[in-house]
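Open the model in a viewer and keep the selection panel at hand. The stops below start at the ligand and then move along the chain.

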Amino acid sequence: MSSSPLADLDEQQREAASSLRGPLCVLAGAGTGKTRVITHRIAHGVDTGAYSPSRVMAVTFTAKAAGEMRGRLRALGVQGVAARTFHATALAQLNFFWPQLARDTAPSIIDNKVRVLGQAADSLSLRLDGTTLRDVASRIEWRKVAMRTIDQDAAAHPDGLGPKLSADRLAELQRRYEKLKDERRQLDFEDVLLACAGMLESEPRVAAAVHEQYRHLTVDEFQDVSPVQYRLLELWLGDRRDVCVVGDASQTIYSFAGADPRYLLEFVDRYEDARLVRLERNYRSDPSVLAVANALMRGRPGALALRSDRTAGPTPTLTGYPDDAAEADGVASAIAGQIAAGVEPHDIAVLYRANAQSASLLAALASRGIPATVLGGKRFFDLPEVRQAVLALRGASVAPLETTFLAAVRDVLRSLGLTEDPPPAGGALRDAWEARAAVLRLAEQAEEGTTLRAFTDELMARGRDQHEPTMRTVTLATLHAAKGLEWNHVHLVGLSEGLLPISYATGFEEIDEERRLAYVGITRAAHSLSLSWSERSGTRQRQPSRFLQEIGTGTLRAGDARATSAGRARR
Ligand code: ATP
Ligand code: MG
């Protein structure tokens, strides 16, 4: 690590990172160092004494991205910054202030909106199937992030949910749903943001306390902010100006959930004294990867061509397969080849549009003995084997150490089932083994002279912060979950019509969002990029994705499906 957090930034990045006060907006393409600027800017503020870490709030969109941000800050020697998702920040404030305001604990959070909606429908003697209930749930989510009342929503959608549910019935169902939650003292996911905003609006004491606590606000991925999130940000800010937002309108992928990139693009109009910085060079990807991303976005309004100073890198491949199973098998075979050639599994990701695509990929990887983790699955520190390990290590810390720290950790983990050789991939046993192995690696990285007690303290702190260790497995992730992250080797699968763009994306705006999703996927790759599609999924014939035609053939070369057992070369 260099001496100053500004030292390893380019000129534009340094300009942004050294603007510590006042509204700042960084508008830049994928991999240009936006997240790096945010973390280095905070480190610079702390280093120079301009910021106290506990007064910095850094907000982002996924728990994984928040963990990543804390990891980067820690590597820069900064601890104690509140780097969380919007949701976690709002929830923490509710839990803190609610008991003071209401002399009661904060309401609990429901994890299954559809179940409560089902109960509300029952109590109204409405017979609705699962699909309709899910549609109602999305309508509620949409309405709440847009901060609309039930009546406003009904007025905006006089047709309700079409033939399934009239506008009146829909409104009635929503009212009953809200009533049920109130009676049970429950909030749903979106209520957390609304309730926090409501509390800050109506309780000047709370607003003053939050303003006192958090002086410096930063938001990553600002293109995906929704109206309610924007409102929260304004309330957190109060009449102060110390806010920094960074984003890339070409990566807006949450419009379906109410995100609006205009908050990013119009930021400098809303804050007249805002400084605007654009970053120009991509540091993540080889030019051969960027050529694919640029080809996809060429001619789109506002699209910025990504540039890099690196040498070209391998030409990305496109492979066609006869069906989904062959595609999963072909990708697993290619990954086996990469690992055999010395690539670390955690440098490889397989990205796809819909959760349902993960099952066949997991199975194909498992059949080749390749361990994989689905991003956004259960959190590392919530895994039963990790909890068990922390408890056992804690227990062992009471007795005086007879061996070295590391030997003691190893003994405890062995007694829990960490064998020398991993069990075969693809089963629960292997997953548990990987989790214990990750705990051991954390112990191996611990400072010299550490004790079991200090180590378990550290593990518990990491658990609270959701600061997860890297599992040495291949990552499987949806395109949404992959945002902001990067891997050396990316396999983007399912590039067929109906999968990407997904079947229900039909309008112009929706197709645009699908294109941006493909763009997010492509730009996750640092070094190699493999695209694939298949002619048939299940019983359905599929056409190659229109995005492949838009990319054209100039930047891709045909992959070799014959290298796999099941596939035959298709172009
Ligand atoms: P995304 O839009 O995908 O979120 P981003 O703009 O946030 O991307 P970062 O993740 O901050 O980009 O940076 C991309 C990669 O480039 C990271 O590995 C980062 O460490 C590296 N990088 C960024 N700037 C520099 C630099 N000046 N020197 C060396 N590496 C850099
Ligand atoms: Mg980023």
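Select helix α2 (residues 34–47): with three residues, helix α2 gives the most to the shell around ligand 1. Helices (H or I, at least four residues) and strands (E, at least two) are DSSP runs, numbered from the N terminus. The model is predicted: local features need pLDDT of at least 70, side-chain atom pairs count only at pLDDT 80 or more, and totals for chains, interfaces and linings use all residues. Residues are numbered from 1 along each chain as its sequence is written, chains are lettered from A and ligands numbered from 1 in the order in which they are written, and side-chain values use heavy atoms, with hydrogens and water left out.

Next, show the 20 residues around ligand 1, of which Q13, K34, R284, E486 and R524 come nearest; a residue counts as near if one of its heavy atoms lies within 4 Å. By class, the shell holds three nonpolar, eight polar and nine charged residues.

Color domain 1 (11–90 + 193–281) and domain 3 (288–376 + 472–570): both give residues to the shell, so ligand 1 lies between them. The domain bounds come from an automatic or database domain assignment.

Now pick the side chains of Q13 and R524. An N or O atom of Q13 is 2.8 Å from a nitrogen atom of ligand 1, and a polar atom of R524 lies 2.8 Å from a ligand oxygen.

Move to P501, in the loop between β13 (487–492) and α21 (508–522). The peptide bond joining L500 and P501 is cis, with omega about 5 degrees.

Conventions. A polar contact is a pair of N or O atoms within 3.5 Å; within protein, one must be able to donate a hydrogen and the other to accept it, and residues adjacent in sequence count only if both atoms are side-chain atoms. Ala, Val, Leu, Ile, Met, Phe, Trp, Tyr, Cys and Pro count as nonpolar, Asp, Glu, Lys and Arg as charged, and the others, Gly among them, as polar.
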